[in-house]
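Please look over the model shown here. The report below takes it part by part.

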Amino acid sequence: MLVRGLFADKGVERNLGFWIPLALTVALALLGALISNGFYWGFVVVVPLLLIALWDMVQTSHSLRRNYPLSARFRWLFEDLRPFLRSYIVEGPLDGRPFDRVARSLVYARAKHQEDAHPFGTELDVYSEEYEALCHSINPNPKAPKRTRVTVGTEQCSKPYDAARLNISAMSFGALGNHAIEALNMGAKIGDFYHDTGEGGLSPYHLKHGGDIVWELGSGYFGARSDDGNFDPESFRDKAQHDQVKMTEIKLSQGAKPGHGGLLPAAKVTEEIAKTRQVPANQDCLSPPGHPAFSTPREMLEFAAKMRELSGGKPVGIKLCVGMPHEVFAICKAMLDSGIYIDFIVVDGGGGGTGAAPLELSDHVGLPLRIGLHYVNNALIGTGLKDKIKLAASEKVFSGSAIAMNAALGANWCNAARAFMFSLGCVQSLRCHTGTCPTGVATSSPARQRGLVIPEKAQRVANFQSKTLDSLHDIVVACGLESPDEFTPQHLRQWKNNAEMIPWSQIVHEVEPGKLLHEPEDTAFAEYWRMADPDTFKPVA
């Protein structure tokens with residue numbers, strides 16, 4: 001049967017991957033016998049190739065390898081090389097996704113403290129939808145403060161925190177290797193900004209270099225869980241009161257996979273990661289889609305109040321990718337009804353982030369950042385809570401203009417994940433979930449992490465953050481403002497059609513302060529307000 005397969009249906013052409021190694025093996029054997037023993041060294045190369053070809057012909061798992069032994073393997077080789085070949089040879093400056101080469105080059109230059117100016121004008125088509133404008137002023141304000149910070153904490157918080165305008169977003173230990181975690185935290189210490197732990201728990205590497213920490217607690221309660229997977233108050237209190245932990249955060253959902261939870265496969269759950277997460281080693285580590293500790297807006301606030309008390313009065317917030325807008329309004333109603341306030345809200349965009357996710361969730365579930373930010377910002381304004389509760393934005397933030405645009409839609413500060421990965425040396429190889437990251441960022445492999453030198457990369461992390469805030473300051477000055485808090489939807493404009501560029505204030509209408517409390521029917525959010533109930537996340541009739 002094997003012989004028939006070699007010759008039938010133009011089998012000779014199809015099986016060149018077998019015939020060529022076989023012919024070379026025979027030729028080397030003859031040359032070695034007739035001319036010189038040195039030709040036998042060629043067996044080191046051709047015999048393994050012949051054995052691989054023979055195996056491909058008899059295996060039953062892959063049709064291409066069975067029909068095209070050895071040569072079919074080049075398909076997988078080029079599939080592996082495709083992201084690199086496309087990135088370095090095929091792509092234009094603005095073609096790459098999720099981050100184009102212009103964006104990546106900007107981060108690399110700032111991280112290395114190199115020249116980041118762009119010559120010869122923008123490469124964007126300024127008359128297409130890809131161009132958005134931040135409106136500057138004829139009267140700039142060069143006296144605007146170089147650095148401003150955001151005080152986070154309501155009157156229910158006894159230890160408020162002054163957050164930087166750009167911080168490191170949630171990336172877990174386990175998803176990133178310990179070298180990357182250390183470099184990020186050391187960079188945060190150098191630059192005086194915070195480092196979000198992600199839901200993977202508070203590891204020793206987060207605490208090693210003294211950088212400010214926001215401890216994120218997801219539905220798995222990693223690092224603060226009992227044996228049955230529920231929240232453990234004592235374990236949480238012991239860690240949350242650490243001096244480096246400045247705030248705590250409840251992760252309701254994330255942009256990459258909202259409402260999905262997560263799974264760290266057994267192969268990646270090492271003894272060290274298991275200890276940090278308080279889970280069994282070498283077993284699948286599951287975070288469920290929802291929180292076992294609460295199921296309604298009111299219960300969520302009670303849980304947040306408990307976390308604030310256990311942490312010693314530190315700010316507590318929530319992070320979510322907005323899905324059903326009425327749920328945001330339900331949380332605001334619950335705050336007004338119960339008198340319990342959260343201190344901040346981080347809005348994550350549906351554009352995803354460092355976490356790997358099913359394609360359907362990444363591509364089609366969760367609202368984009370700007371729309372989610374619009375709903376949350378207006379819910380806070382309309383209920384009179386905007387002055388109490390600070391708002392942060394997280395999705396594809398890599399430049400001062402991105403921070404300014406988010407500020408125009410209500411964000412007090414921004415968090416970035418992938419941009420900080422670029423500052424560590426990430427080349428967007430898209431292998432974050434495989435453990436084979438070539439730059440040693442998203443892997444626990446000691447051999448791969450060897451290339452990531454912690455002190456050198458930490459300085460790059462700090463450089464990128466500082467230079468990006470310098471560019472934000474330049475935009476604040478150009479717009480004639482005192483701080484990013486003064487940006488409004490009027491400052492951000494985009495094309496409506498080929499002849500008209502309009503401000504975001506005409507695209508999405510801001511509610512008047514407190515109007516949802518007195519005249520909700522006269523707002524654009526009347527339907528969501530009617531659907532919102534402080535005692536359920538489900539819509540009410």
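## A buried asparagine

In which helix is Asn 378 found? This is a predicted model, and Asn 378 is found there in helix α15, which covers residues 369–382. Asn 378 counts as buried because its relative accessibility is 1%, and buried means under 20%.

What does Asn 378 touch, leaving out residues up to four places away in sequence? The partners are His 509, Glu 510, Val 511, Leu 516 and Phe 525.

## The chain overall

The chain has 541 residues, and buried residues make up 50% of them. Its secondary structure comes to 22 helices and 15 strands. The C-alpha trace spans about 100 × 60 × 50 Å along its principal axes.

Consider the contacts with a separation of 6 or more: 68% of them link residues 24 or more positions apart.

## Val 107 in helix α7

Helix α7 runs over residues 101–111 and holds Val 107. Is Val 107 buried or exposed? Val 107 is buried because its relative accessible area is 1%, and the cut-off for buried is under 20%.

Neighbours within four places in sequence aside, Val 107 is in contact with Phe 398, Ala 419, Phe 422, Ser 423 and Phe 464. Pro 292 is another matter. C-alpha to C-alpha, Val 107 and Pro 292 are 39 Å apart in space, and 185 residues separate them in sequence.

## The open sheet β1-β14-β15

Three strands make up an open sheet, in the order β1-β14-β15, with antiparallel pairing. β1 (132–134) and β15 (500–503) are the edge strands, each pairing on one side only. From one strand to the next, the twist averages 35°.

Helix α16 (residues 400–408) packs on this sheet and touches β1 and β14. The direction of α16 makes about 80° with that of β1.

How many bridges join β1 to β14? Three bridges do, in the antiparallel sense, and β14 covers residues 492–497. Glu 132 has Gln 494 in β14 as its bridge partner.

β6 takes in residues 212–217, and six of its six residues are buried. The cover extends to both faces. Asp 212, Val 214 and Glu 216 are buried on one side. Ile 213, Trp 215 and Leu 217 are buried on the other.

β6 pairs with β5 (residues 194–196), and the two run parallel, joined by three bridges. His 195 stands opposite Ile 213 of β6. β6 also pairs with β7 (residues 245–251), again in the parallel sense, over five bridges. Here Glu 216 has Glu 249 in β7 as its bridge partner.

## Cavities

Rolling a probe the size of a water molecule over the atoms shows where empty space is left. How many cavities of 30 Å³ or more does the structure hold? There are six.

Which residues line the largest cavity? One part of the lining is Pro 145, Lys 146, Arg 147, Thr 148 and Arg 165. The lining also includes Leu 469, Leu 472, His 473 and Val 476. Glu 482, Ser 483 and Pro 484 belong to the lining too. By class, five lining residues are nonpolar, three are polar and four are charged.

Conventions: Residues are numbered from 1 along each chain as its sequence is written. This is a predicted model: local features need pLDDT of at least 70, side-chain atom pairs count only at pLDDT 80 or more; totals for chains, interfaces and linings use all residues. Side-chain values use heavy atoms; hydrogens and water are left out. Two strands pair if DSSP finds at least two bridges between them. Helices (H or I, at least four residues) and strands (E, at least two) are DSSP runs, numbered from the N terminus. Axes are lines fitted to C-alpha atoms, for helices over the stretch in contact, and angles run from 0 to 180 degrees between N-to-C directions. Contact means heavy atoms within 4.5 Å. On a 1 Å grid over the protein atoms alone, a cavity is a set of points where a 1.4 Å probe fits but cannot get out, and a pocket is an open set with protein on both sides within 12 Å along at least five of seven lines; lining residues have an atom within 4 Å of a point. Grid points are joined across faces, edges and corners, and a volume is the space filled by probe spheres set on the points. Ala, Val, Leu, Ile, Met, Phe, Trp, Tyr, Cys and Pro count as nonpolar, Asp, Glu, Lys and Arg as charged, and the others, Gly among them, as polar. Buried means under 20% relative accessible area, exposed over 50%, partly exposed in between (1.4 Å probe, protein chains only).
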